[in-house]
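Please guide a reader who is new to this structure through its main features.

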Amino acid sequence: MGLISATGSCYNSPWRTALHRAYGPWPLTASKPTPLIARVSLPPAMATAATPRRRRGKGPNSDLSRTLTDCTRRGDAAAAMAAFDAAVAGPDDLRLAAHQYNQLLHLLASASFPAAATAARRVFAHMLEAGAAPSEATITSLARVVASDPNAADEAFQLVATMHSTYGLAPRLRSYSPVLSAFRHAGASIKAYAVEAHMAASAIAPEEPELAALLEVSAKAGDADKVYEYMHKLRRAVGCVAKETAEALEGWFRSEEAAMAGKAEWDARQVKDAVAANGGGCHQLGWLRSGPWMVRRVKVGADGGCGGCGCRLASVDIDMEETHTFADSVSGLALERETKANFSQFQEWLEANKQYEAIVDGANIALYQQNFAEGGFSLVQLDAVVTELRDRYNGKWPLVILHNKRVAKLMENSNNRHLIETWRANGALYTSPSGSNDDWYWLYAAIGLNCLLVTNDEMRDHIFELLGSSSFFYKWKQRHRVKYTFNKGKVVLIMPPPYSSEIQESETGSWHVPIEDKSGDERARTWLCIDRSGVTKRPHESRIANGVAQGLTPSEASNGARQRQPEDQAAPVTGKRKDRD
């Protein structure tokens, strides 16, 4: 603000308009007006440095913004809509930012409010009229509110399905979830399948809530084939199911439609081969047997034995296709990051030497708990692990992977030289070359040979890099990694668990479904044991153990990975390691 004298010279000046606005019409008189000091707004060029800024936040729109924020904090959709409607009906032109419309739509979607769908449509129409660009969150919130109206699920799906063509926006999983939920409650199975198809076209994979909705709507429709399809999609997507999903499964298996689904005769050898090809734990050949199901909530023993039907659960591996994909992913990344000739030479050597049952991450073991003054690279610890593995596998040598600079340093000590030469003479040592990262070597060897990997390395960096394989990396690690610890100088190998906590389908057609348990204690976990009641095994059926028929070779039983008994489950401590040149 500036000060200016309102004398006669000012009267006919450009400032007359400003004075007119501040004090009303200037009195017309022949006499000289009384000198007046008036406070008016000056142009920026004339304002001094001390001129205070005009305060923002005045006016009806800013008042509405504060009200919306306050209502959102309190979850009060009614008050927010009352303020919005009052502002729209007021004399001032209401213009909100896009995020404020989103704020109001989100509040309507998350709070209880009568006629919420009608209110949301009104807000969205005003948003478009005001020229504010909607976002994915806008359409998702609107669809969520509209889907809450039992008669408007189709409209909600249309909003999501046309999000890209109308607004150039890509839908997300959260965009589809309320629509699927609405069709599930309505029992509209065909429409629910259309939503899933649109998700697939948008490259969006359903997760447990969506799969549970699809499974439940299929069960309501009595579509046994679709229920079977979603059982396996659920098996691939999750480990343990939520309690709500478990209840939906119980409802299906106790239904008349479930009792009628299945076949009394099947090719046992075909089922057996399918289980082996899938890594154990499922055959995916359809419902086996017929008749009513017995559904029980049971515990599973430490050896994997079901407390209901007595079937021993499988330790499930990734299937052969996933194994090849995983190996190719590791190989491709290694060839990009390593000297190509060096890693290709290792691949050729490994192709000619496939006899190993276990790969040993040498540096990880030798550096385990060596972060003290006298600590160093402990060849004694590494030798203890090698010896223990030989004892377990009838004298067969494991393959130790070590960086060549480590080996060169060890060879300087005569006490170490004899041991290193013994390993070399028996094909138990491969040295990764200078400039390489030995992680790629031991990881590729364990995957390529489909054998055990002895390491405490959590391999989080590999998961980060292996984006294309991360969906089954966890399952592979759980099945193949052997952890270790030392108890009073004696090595304790912590073998992979004897069974996997995931949905399993046995060769005789029974199902076992683990339910989420927050305790973290596998012994406390509750399982659904689902079996045909009053049906005996056919005389020529094989006895089931680990979910795989007895008589299979170890490679058939788990895609090359041997079934092993559990060891002392000591708490593992990750050894520090990183071998780079």
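**A guided reading of the model**

Helices (H or I, at least four residues) and strands (E, at least two) are DSSP runs, numbered from the N terminus. The model is a predicted one, in which local features need pLDDT of at least 70 and side-chain atom pairs count only at pLDDT 80 or more, while totals for chains, interfaces and linings use all residues. Residues are numbered from 1 along each chain as its sequence is written, and side-chain values use heavy atoms, with hydrogens and water left out.

Two strands pair if DSSP finds at least two bridges between them. Strand β3 (residues 293-298) runs antiparallel to β12 and is joined to it by 6 bridges. Within this pairing, Trp 293 has Arg 532 of β12 as its bridge partner, and Arg 296 stands opposite Cys 529 in β12. Strand β11 (residues 511-514) also pairs with β12 in the antiparallel sense, over 4 bridges; there, His 512 has Cys 529 as its bridge partner. Strand β12 (residues 527-532) is mostly covered, with 5 of its 6 residues buried. Buried means under 20% relative accessible area, exposed over 50%, and partly exposed in between (1.4 Å probe, protein chains only).

The next topic is the nonpolar interior. In soluble globular proteins, nonpolar side chains tend to be buried together. A nonpolar core is a set of buried Ala, Val, Leu, Ile, Met, Phe, Trp, Tyr and Cys residues joined through side-chain atoms within 4.5 Å. The largest such core has 79 residues, of which Phe 253, Trp 287 and Trp 511 touch the most other members. Helix α6 (residues 116-129) gives the most to this core, namely 7 residues. A second, separate core has 33 residues, including Ala 358, Val 400, Met 411 and Val 482. Which residues does Trp 287 contact, leaving aside its neighbours within four places in sequence? Among them are Phe 253, Trp 293, Trp 511 and Arg 532, where contact means heavy atoms within 4.5 Å.

Another sheet can now be considered. This open sheet of 6 strands has the order β6-β5-β4-β7-β8-β9, with mixed pairing. Its edge strands are β6 (429-432) and β9 (490-494), each pairing on one side only. From one strand to the next, the twist averages 25°. Strand β5 (residues 399-403) and β6 run parallel and are joined by 4 bridges, and Val 400 stands opposite Leu 429 in β6. Helix α20 (residues 379-392) packs on the sheet, where it touches β4 (358-361), β5, β7 (452-454), β8 (481-487) and β9, and its direction makes about 60° with that of β9.

Helix α23 (residues 438-448) is mostly covered, since 10 of its 11 residues are buried. The buried residues include Trp 440, Trp 442, Leu 443 and Ile 447. Leu 443 counts as buried because its relative accessibility is 0%. The C-alpha atoms of Leu 443 and Val 360 are separated by 9.8 Å, although these residues are 83 residues apart along the chain. After α23 comes Asn 450, whose phi is positive, near 55°.

Two packed helices are described by the angle between their axes and the distance between the axes. The axes of helix α11 (residues 189-201) and helix α12 (residues 208-220) come within 9 Å and cross at roughly 150°. That angle makes α11 roughly antiparallel to α12 (angles under 35 degrees count as roughly parallel, over 145 as roughly antiparallel, 65 to 115 as roughly perpendicular and the rest as oblique). In α11, Ser 189, Ala 192, Tyr 193, Glu 196 and Met 199 meet Glu 210, Leu 214, Val 217 and Ser 218 in α12.

Is Glu 136 buried or exposed? Glu 136 counts as buried because its relative accessibility is 10%. Not counting residues up to four places away in sequence, Glu 136 touches Met 163, Leu 169, Ala 170, Arg 172, Arg 174 and Ser 175.

Technical notes:
Axes fitted to C-alpha atoms, helices over the stretch in contact; angles between N-to-C directions.
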